[in-house]
2 protein chains.
Amino acid sequence: MRTRRAARRGAVFLAVRGGLARMSDEVDVPEDHPRYQSLLTRHRIEAGVEKGITSTQGLIAEGRGEAFDYLLGEETIPSADRAARAAAAHFLLAEHPVISVNGNVAALVPGEVVELAEATDADIEVNLFGRTEERVRAIAAHLREYGASEVKGLTADARIPGLSHERAKVDRDGIYDADVVLVPLEDGDRAEALGEMGKTEVVIDLNPLSRSARVATVPIIDNILRALPNVARHARDLSGSPRETLTEIVEGFDREGALDAAERRLREGATRESE
Amino acid sequence: MRTRRAARRGAVFLAVRGGLARMSDEVDVPEDHPRYQSLLTRHRIEAGVEKGITSTQGLIAEGRGEAFDYLLGEETIPSADRAARAAAAHFLLAEHPVISVNGNVAALVPGEVVELAEATDADIEVNLFGRTEERVRAIAAHLREYGASEVKGLTADARIPGLSHERAKVDRDGIYDADVVLVPLEDGDRAEALGEMGKTEVVIDLNPLSRSARVATVPIIDNILRALPNVARHARDLSGSPRETLTEIVEGFDREGALDAAERRLREGATRESE
């Protein structure tokens, strides 16, 4: 959205200044640049395509997300921040938390996934809508490049009941065994099936009306680029807290209120201008 | 949006019934199937990727469009139909109307582009955001397969003032010379630059807040799969009309009203359920 020309101009200009970006190996733009997130997203998605991580359907899903993020105002709204805090509390209380990773998640936030797994002692498992062994391997390798010590999803020796064969495949000692699962980005069917297995589900989705968001224990209506580091930040912040504090946060979270607030923002946000 | 599983099930079921689709070489689903348009879009986009017509950015743009179309209710709203009629009148009044075609347009509506060009005696010119000779040639060949007799955009012997080199390239006897240009899908910069050249612009865009839509003489806030055949239909309907009738339609079109109506619909649509 907005002006791509302005974004490119900014990139060229700021590349000359150089050195300001946190991730200068990626995009030469400082984090406070208004198009930083958009440029970073675009760069990572393109890299994901080159590496065979991002699928055609993943690219279209990214576009759908961009439209909703634009309507939300491209920022973490207060209710999404409260959801991120509740998600962090769930992860810290969990026996066995798992972060489910698909192609877009791997392309967009590989380092952030590893960071959250470390902050919460969670497993990372690759789980794809259009599963191929090749793509699971490419994604696992990509996550290891970003520091993941173990990546599950290759054993695929258990099944989520109620899903078609390929999409049902999970690791027995991973998602199948998990009590809390973070399911970022869309797959309404799987989100529902995991819920029916009695798992606590944290969903990150930009559409508050999506089935994934509606079946989640904790729906975080936010861009994954902002939400994942935010959950990790809350987890580090809460890491020394007693269980009763964490339980209070979990029980105090108002999921209906969060969905409603995001829906209101979606409607109000539609007044801004863009390309 | 909605359930992809349901869509796939429908496709399988209906493929067994077979033979009902108008375009049975494409998708074996009858036109009145609720997911017909979605399945057709997906099929054409995938085919566009295979043919080297659709770009990575085109796929993301397609996703953005899907989200906005979902919010609009996936139908041609009355103000969009009035815009399509005004667009048809502009095309019939024009000295030299040109349809600008990018990768997504070529992938999604190649036959419809040819049909509109024939109904209005318009030129077809390929014009890409990420221009490469190879992609221009692939798109021109694709359009010729669908019956286009002449496709401009390969000479590229003129420039639109105010745009960077590659994106500024147009044919002198095509877009550069045109008085009315149809610019489907997003490129806010080019839409603005063409407007500054004094051209009448018809823009087809699903985001009523986009810069393209906001600078257009006639913004058609609709899915290109519905809008392009609709403009052609209005053009055939109006083809025998006297110039004063066409001028009345053109002058009676309320562009601000059309943008406002679409924006209202977009926000209302945000309350519907989906995946």
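This is a predicted model: local features need pLDDT of at least 70, side-chain atom pairs count only at pLDDT 80 or more; totals for chains, interfaces and linings use all residues.

Colleague: Noted. Start with chain A: how many helices and strands does it have?

Modeller: Chain A has 13 helices and 7 strands. It is 275 residues long, and 60% of them count as buried.

Colleague: And the contacts in chain A, what share join residues at least 24 apart?

Modeller: That share is 64%, counted among contacts between residues at least 6 apart in sequence.

Colleague: Let's do the sheet. What is the strand order in chain A?

Modeller: The order is β2-β1-β5-β6-β7, in an open sheet of 5 strands with parallel pairing. At the edges stand β2 and β7 of chain A, each with a single partner strand, so one side of each has no neighbour in the sheet. On average, neighbouring strands are turned by 20° against each other, direction ignored.

Colleague: Take me through the pairing. How many bridges link β1 and β5 of chain A?

Modeller: Strand β1(A), residues 97-101, pairs with β5(A) in the parallel sense over 3 bridges. In that pair, A:I99 stands opposite A:L182 of β5(A).

Colleague: What is the bridge partner of A:L182 in β6(A)?

Modeller: That's A:V202. Strand β5(A), residues 180-184, and β6(A) are paired in the parallel sense over 5 bridges.

Colleague: And β6(A) to β7(A), how many bridges there?

Modeller: There are 3 bridges between β6(A) and β7(A), which covers residues 218-220, and the two run parallel. One of the pairs puts A:V203 with A:P219 as its bridge partner in β7(A).

Colleague: Is β6(A) buried or exposed?

Modeller: Buried: 5 of the 5 residues of this strand, 200-204, are buried, so β6(A) is largely enclosed by the rest of the structure.

Colleague: Which residues point which way from β6(A)?

Modeller: A:T200, A:V202 and A:I204 point one way, while A:E201 and A:V203 point the other way. All of them are buried, and that includes the glutamate, A:E201.

Colleague: OK, over to chain B. What does the sheet look like there?

Modeller: In chain B there is an open sheet of 5 strands in the order β2-β1-β5-β6-β7, with parallel pairing. The edge strands are β2 (123-126) and β7 (218-220) of chain B; each has a single partner strand, so one side of each is left without a neighbour in the sheet. Neighbouring strands are turned by 20° against each other on average, direction ignored.

Colleague: How is β7(B) joined to β6(B)?

Modeller: By 3 bridges, with the two strands running parallel. B:I220 of β7(B) is the bridge partner of B:I204.

Colleague: Which helices lie across those strands?

Modeller: One is α4(B), which lies across β1, β5, β6 and β7 of chain B and runs at about 135° to β7(B). Another is α6(B), residues 110-120, lying across β1, β2 and β5 of chain B at about 175° to β1(B).

Colleague: Now the bit between the chains. At what angle do α2(A) and α3(B) cross?

Modeller: They cross at roughly 120°, and their axes come within 11 Å. That angle makes α2(A) oblique to α3(B). The crossing is right-handed.

Colleague: Which residues make the contact?

Modeller: From α2(A) it's A:R42, A:I45, A:E46 and A:V49, and from α3(B) it's B:T56, B:Q57, B:I60 and B:R64. By class, that contact has 3 nonpolar, 2 polar and 3 charged residues.

Colleague: What is the relative accessible area of B:E74?

Modeller: It's 25%, so B:E74 counts as partly exposed.

Note on methods. Residues are numbered from 1 along each chain as its sequence is written. Chains are lettered from A and ligands numbered from 1 in the order in which they are written. Side-chain values use heavy atoms; hydrogens and water are left out. Axes are lines fitted to C-alpha atoms, for helices over the stretch in contact, and angles run from 0 to 180 degrees between N-to-C directions. Helices (H or I, at least four residues) and strands (E, at least two) are DSSP runs, numbered from the N terminus. Angles under 35 degrees count as roughly parallel, over 145 as roughly antiparallel, 65 to 115 as roughly perpendicular and the rest as oblique. A crossing is left-handed if the near helix is turned anticlockwise from the far one by less than a right angle, and right-handed if clockwise. Contact means heavy atoms within 4.5 Å. Ala, Val, Leu, Ile, Met, Phe, Trp, Tyr, Cys and Pro count as nonpolar, Asp, Glu, Lys and Arg as charged, and the others, Gly among them, as polar. Buried means under 20% relative accessible area, exposed over 50%, partly exposed in between (1.4 Å probe, protein chains only). Two strands pair if DSSP finds at least two bridges between them.
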